[in-house]
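Here is a short report on one protein chain. Look at the model first, then read on.

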Amino acid sequence: MSSSLEFNKLAAGVLCGGLLLMGVGKLAGVLVHPETLETNAYTVEVAEGAATAAAPTGPAPIEPILGLLASADPAKGLKIAKKCAACHSFDKGGPNKVGPNLFNVVIAAKGHVDGFAYSEALLTSGETDKWSYTSLNHFLLKPKDYAPGTKMNFAGIKKTEDRAHLVAYLRSMADTPAALPTVEEIQAAQDAFNAASGG
């Protein structure tokens, strides 16, 4: 019996101590009124013209594929193109399916297949009216971002190397493959990407 009384005394003591601490905390909040300083107590001098890093705005820059095309593997691109074969054919004279035939698409006009009903979103998308290496790279990354409103229902290809392989395959599917980018074009694309990335 005495042990249960001892336990009750201990529990009451802990409870009273907790209530006392809560009461002291409330009383301290009433007695102390912190004031916000109008100026910092300690100012940090910053040299005029010191560079400050600005947070990038807008969509993330897209890594260029121009420098990868010379070494890209059309055979790997063919494997990747199998994802597209349900909607596109690639051979010369091949039929249009849900999407147009893609023979000779590299550097061709965006509406290069006569008689195919391209969406206006696709025809007016991007920085040029041709399927340049850069526009293909941007489109293949995420078609709906490149051409908002496009009828093409494809999520895109995330890996830069995979996009380069696919474009190398598309380039090979032509009577005369398009010229590879020049060293100057490769450097300009890389410089623009670096500048946009803050690098």
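## The salt bridge

The structure holds one salt bridge, meaning a side-chain nitrogen of Lys or Arg within 4 Å of a carboxyl oxygen of Asp or Glu. Its partners are Asp175 and Lys92, at 3.0 Å from N to O. Asp175 sits in the loop between helix H6 (160-172) and helix H7 (183-197), and Lys92 in the loop between helix H2 (74-81) and helix H3 (120-123), so the pair ties together parts 83 residues apart in sequence. Both Asp175 and Lys92 are exposed. Exposed means over 50% relative accessible area, buried under 20%, and partly exposed in between, with a 1.4 Å probe and protein chains only.

## Basis of the model

This is a predicted model, in which local features need pLDDT of at least 70 and side-chain atom pairs count only at pLDDT 80 or more, while totals for chains, interfaces and linings use all residues. Residues are numbered from 1 along each chain as its sequence is written, and side-chain values use heavy atoms, with hydrogens and water left out.

## Overall build

The protein chain has seven helices and zero strands. Helices are DSSP runs (H or I, at least four residues), strands are E runs of at least two, and both are numbered from the N terminus. Along the sequence the pattern reads α-α-α-α-α-α-α.

Of the 199 residues in the protein chain, 29% are buried. Contacts (heavy atoms within 4.5 Å) were also counted. Among those between residues at least 6 apart in sequence, 52% join residues at least 24 apart. The accessible surface is about 13,800 Å², and 61% of it belongs to carbon and sulfur atoms. Areas come from the Shrake-Rupley method with a 1.4 Å probe; for residues, only the protein chains shown count as cover.

## Ser135 in helix H4

Ser135 lies in helix H4 (residues 133-141). Is Ser135 buried or exposed? Ser135 counts as buried because its relative accessibility is 0%. A polar atom of the Ser135 side chain lies 3.1 Å from the backbone oxygen of Lys130. Leaving aside residues up to four places away in sequence, Ser135 touches Glu127, Thr128, Lys130 and Tyr146.

## Helix H7 and its end

The 15 residues of H7 should span 21 Å at 1.5 Å a residue, and the end C-alpha atoms are 21 Å apart, which agrees. The expected span is 1.5 Å times one less than the number of residues. Just after H7, Gly198 takes a positive phi of about 80 degrees.

How values were computed: A polar contact is a pair of N or O atoms within 3.5 Å; within protein, one must be able to donate a hydrogen and the other to accept it, and residues adjacent in sequence count only if both atoms are side-chain atoms.
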